[in-house]
Amino acid sequence: MKKAVLAVVTAAALGAAALVPSGPAVQAATDAAAASAPRGFGSALSSVQQPAWQTNASVNALAEAGNLVFAGGLFTRVRPPGKARGVGDVARKYFVVLDRTTGVPTRFAPQVNGPVWSVATSPDGRRVVIGGDFTVVDGAPRSRLAMFDVASGKLVAGWDPVVNYRVAALKVSSDTVYLGGSFESVDRVARSRVAAVSLNSGALLAWSPNANDDVHAIELSTDGKRAFVGGGFTRIGGRDVHALAMVNAATGAALSMPAAAAIPPKSEKCDSRVKDLEVQGNKVFASNAGTLSMACYDGVLAADATTGKLLWQSKCRGATEAIKAIGNWLYKGSHAHDCSADGAFPDKTGMHHFLVYSAITGKLGPWFPNATAGGTTLVGPLAFASGGNDLWAGGDFTKVNGVPQEGLTRFTNTPGGAAPARPAAPKVASARVNKVTIAFPTVLDRDNLTLTYLLYRGSTRIGAWSRTSNSWTKPTVTSVTDSRLTSGQKLSYHLEVSDGRNVQKSPSVSVRVR
């Protein structure tokens with residue numbers, strides 16, 4: 001018998017013919033894809049959602065402490081996963097506390113009389129603070145701001161700053177609660193959209209950067225010396241700064257933030273506002289949602305948290321409401337519909353509500369769950385929280401990965417991940433004597449860009465290739481010539497695709513060697 005020999009060519013798309021001409025070079029496997037082998041996914045988390053209770057309306061804010069997840073929003077009831085509204089639901093008006101491991105509500109169930117727009121926990125996990133539109137909590141007066149003891153679930157007595165309008169942003173340090181929103185006073189003292197109170201007593205502090213428009217997000221540098229403020233303002237801390245500012249955490253004076261120049265200035269056609277901030281090490285990330293024009297900036301940027309200099313920027317279109325850094329990845333919730341400026345998917349390829357970037361380079365990474373968009377925002381995800389090995393997502397969505405799940409979901413690093421799509425049977429032909437040609441296209445995997453393709457003749461593996469593919473590009477096709485075969489022999493071929501953990505096998509197809 002003649003010894004079989006393989007020859008391989010690749011092409012950008014699968015044509016009608018079994019033989020496919022040579023095409024562009026295939027992208028090499030990424031480090032992330034290689035690292036995914038034991039788990040089945042390429043980023044820090046899998047795109048496979050884990051069970052969590054749902055809400056009957058939007059979740060606007062999330063935070064984690066220990067084994068608890070705190071969610072605030074516009075909802076009034078919660079229900080088990082997979083259930084329709086009204087089936088097995090219980091009352092949790094505007095605020096719910098869930099078990100982080102099981103996704104089930106706990107007995108910690110405060111009574112809040114108005115929407116919750118922000119939630120934050122203290123660094124030691126002993127306190128949780130909520131902000132919003134409410135005026136009464138557990139029967140006690142609480143004007144848009146309240147604090148609970150996490151261990152007991154009780155409202156902290158005597159901690160009762162009076163804020164005159166919505167609190168939409170919170171950050172808690174070891175001794176201070178920083179707040180932002182639409183308010184103009186705290187404890188009847190002028191505080192324009194941003195303020196600070198004592199964590200222990202609730203007393204108003206002197207810190208007053210004085211923003212001239214709404215504040216949507218507040219974060220602190222890892223050393224606690226600088227505060228990052230995001231919103232729709234054009235002046236803060238005594239300087240003309242639009243949307244993104246770095247201010248002294250002690251004095252409130254604005255510091256140099258060169259990265260803010262990457263956000264277009266406010267105009268009649270574009271009002272791009274920072275909606276979320278995230279600090280990781282010496283990096284600060286900011287996400288924007290643009291209004292008034294479809295061409296307004298909706299992207300994400302990374303800056304040096306000390307100098308304020310821009311490190312990288314993504315200019316995807318589609319308002320970005322939530323970001324969260326986990327390891328070397330930055331997860332984002334948006335209604336991204338056009339990332340052509342980043343060399344990724346163009347417009348009219350659908351909405352991509354969940355995406356991940358490399359926190360180092362800003363390039364899109366291997367994580368593609370999806371959700372619907374509903375409510376009044378039409379964004380989908382609106383808030384993220386993480387304990388380091390999970391990502392809780394809240395919003396106005398009603399489905400996640402095509403499965404009904406309203407308002408709240410979660411993703412984890414549980415090994416397994418999403419399996420690759422099942423490959424079709426390879427195309428085979430024997431047009432030349434003693435040779436068979438086999439052609440197969442790449443398939444997609446929600447958790448990986450790069451997959452391994454194994455080709456078998458019967459039970460004998462005759463080749464292995466690493467191929468990278470995206471949902472917005474045409475499949476790459478590999479064409480193989482299996483040579484030195486015996487004329488008249490009937491052979492069977494099939495393909496197996498692996499992400500390092502999950503394997504999908506194609507149907508077998510037979511051919512008689514010419």
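Search this whole structure and you'll turn up two disulfides. Keep in mind that you're looking at a predicted model. In case the term is new, a disulfide is a covalent bond between the sulfur atoms of two cysteines.

Here's the pair side by side:

| Disulfide | S to S distance | S-S torsion |
|---|---|---|
| Cys270 and Cys296 | 1.9 Å | about 70° |
| Cys316 and Cys339 | 1.8 Å | about 120° |

Let's take Cys270 and Cys296 to begin with. The torsion about their S-S bond is about 70°, so this disulfide is right-handed. Cys270 sits in the loop between strand 24 (254-255) and strand 25 (271-280), while Cys296 sits in the loop between strand 26 (283-291) and strand 27 (300-304), so the bond ties together parts that are 26 residues apart in sequence. Are these two cysteines buried or exposed? Cys270 is buried, and Cys296 is too.

Now for Cys316 and Cys339. With a torsion of about 120° about the S-S bond, this disulfide is right-handed, so the label follows from the angle here as well. Cys316 belongs to the loop between strand 28 (310-314) and strand 29 (320-326), and Cys339 to the loop between strand 30 (329-336) and strand 31 (352-358); the two are 23 residues apart. Both Cys316 and Cys339 are buried. If you count the bonded cysteines along the chain, the pattern of pairing is 1-2, 3-4.

Next, zoom out to the whole chain. What is it built from, in helices and strands? The chain has one helix and 44 strands. Its C-alpha atoms fill a box of roughly 95 × 50 × 35 Å along the principal axes. Of the 514 residues, 55% are buried. Look at contacts between residues at least 6 apart in sequence, and you'll find that 52% of them join residues at least 24 apart. The chain exposes about 20500 Å², and carbon and sulfur atoms supply 52% of that area. As for charge, there are 54 positive and 35 negative charges, and their mean positions are 11 Å apart.

Finally, zoom in on one residue, His494. You'll find His494 in strand 42, which covers residues 490-498. Why does His494 count as buried? Its relative accessibility is 7%, and the cut-off for buried is under 20%. The side chain of His494 makes a polar contact of 3.2 Å with the side chain of Glu496. Leaving out residues up to four places away in sequence, His494 also touches several others, including Pro426, Leu454, Tyr456, Lys505 and Ser508.

Conventions
Residues numbered from 1 in each chain as written. Predicted model: local features only at pLDDT ≥ 70, side-chain atom pairs only at ≥ 80, totals over all residues. Heavy atoms only, no water. Helix = DSSP H or I, 4+ residues; strand = E, 2+ residues; numbered from the N terminus. Buried < 20%, exposed > 50% of the residue type's maximum accessible area, 1.4 Å probe, protein only. Polar contact = N/O pair within 3.5 Å; in protein donor to acceptor, adjacent residues only side chain to side chain. Contact = heavy atoms within 4.5 Å. Areas by Shrake-Rupley, 256 points an atom, 1.4 Å probe, with all protein chains shown as cover. Lys, Arg positive; Asp, Glu negative; His and termini not counted. Charge placed at Lys NZ, Arg CZ, Asp CG, Glu CD. Disulfide = S-S within 2.5 Å.
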